[in-house]
Amino acid sequence: MLGKRIGAFSYGSGLAASMFSFTVTSDLDKLRPFCNDLSHLSHHLNNRIKVAPEDFEKMMKKREQNHYLPNRTPSYPANRLSQGTYHIVQVDEEHRRTYTRTSVLDTLHKAPGGTTNHDKCAAHYCPHM
């Protein structure tokens, strides 16, 4: 397979997917920059939260039941999301969604006493983005 180009497809969470190609090589000098660029992934993979299949099914069922409901605030623990993750904080009566971003904003919005001031700061309205 050396020298052959391979097409690959990555299906995301339903929101996005990507198609890409790569060429098989035995040249480690060409492979090293690619591997170095992926070095941050092991940290994210090692910090995943293990959930029993039954619990995962319950969470997905609840999400499915609530997904299209207006006037709701999601009940998942945002502190379990990775740093910099955008997440939904509110759905209003018109089904408009408000999002914010975890952790990265905390350093920009620190208030006295260590609390954060971005509770209602939607990512697309945040002056610090």
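I count a salt bridge when a side-chain nitrogen of Lys or Arg lies within 4 Å of a carboxyl oxygen of Asp or Glu. The model is predicted, so I take local features only at pLDDT of at least 70 and side-chain atom pairs only at pLDDT 80 or more, while totals for chains, interfaces and linings use all residues. Residues are numbered from 1 along each chain as its sequence is written, and side-chain values use heavy atoms, with hydrogens and water left out.

**Entry 1: confidence**

I looked up pLDDT, the predictor's confidence in each residue, from 0 to 100. The protein averages 76, and 75% of the residues score at least 70. I then went through the elements, where helices (H or I, at least four residues) and strands (E, at least two) are DSSP runs numbered from the N terminus. Helix 2 has the lowest confidence, a mean of 80, and strand 4 the highest, at 90. Over residues 105–129 pLDDT stays under 50, and the model has 31 contacts (heavy atoms within 4.5 Å) beyond four places in sequence for that stretch.

**Entry 2: salt bridges**

How many salt bridges does the structure hold? I get four.

Arginine 32 and aspartate 29 meet through their side chains at 3.1 Å, N to O. They sit three residues apart in helix 1, so about one helical turn separates them. For exposure I use relative accessible area: buried is under 20%, exposed is over 50%, and partly exposed is in between (1.4 Å probe, protein chains only). Arginine 32 is partly exposed at 43%, and aspartate 29 is exposed at 58%.

Lysine 61 and glutamate 64 make a salt bridge at 3.8 Å, N to O. These two are also three residues apart, in helix 3 (residues 53–66), so again about one helical turn lies between them. Lysine 61 is partly exposed at 45%; glutamate 64 is exposed at 55%.

Glutamate 93 pairs with arginine 96, with the closest N and O atoms 3.9 Å apart. Glutamate 93 is partly exposed at 47%. I also find Asp92, Glu93 and Arg96 linked in a network of salt bridges.

**Entry 3: the hairpin and positive phi**

Strand 3 (residues 86–91) and strand 4 (residues 97–101) pair in the antiparallel sense over five bridges; pairing takes at least two DSSP bridges between two strands. Histidine 87 has threonine 100 in strand 4 as its bridge partner. The hairpin has five residues between the strands, and histidine 95 takes a positive phi near 65° there. Histidine 95 is partly exposed, at 43% relative accessibility.

Which loop holds asparagine 71? I place asparagine 71 between helix 3 and strand 3. Asparagine 71 is not a glycine, yet its phi is positive, about 50°. The residue is exposed at 53%.

**Entry 4: nonpolar patch**

Leu28, Leu31, Phe34, Leu38, Leu41 and Leu45 make a nonpolar surface patch of about 530 Å². Helix 1 (28–37) and helix 2 (41–46) are the elements that give two or more residues to the patch. Helix 1 has the largest share, three residues. Leucine 41 lies in helix 2 and is partly exposed at 38%.

Patch rules I went by: residues with over 30% relative accessible area and no salt bridge, like charges joined within 9 Å, nonpolar side chains (Val, Leu, Ile, Met, Phe, Trp, Tyr) within 5 Å. Areas come from the Shrake-Rupley method with a 1.4 Å probe; for residues, only the protein chains shown count as cover.
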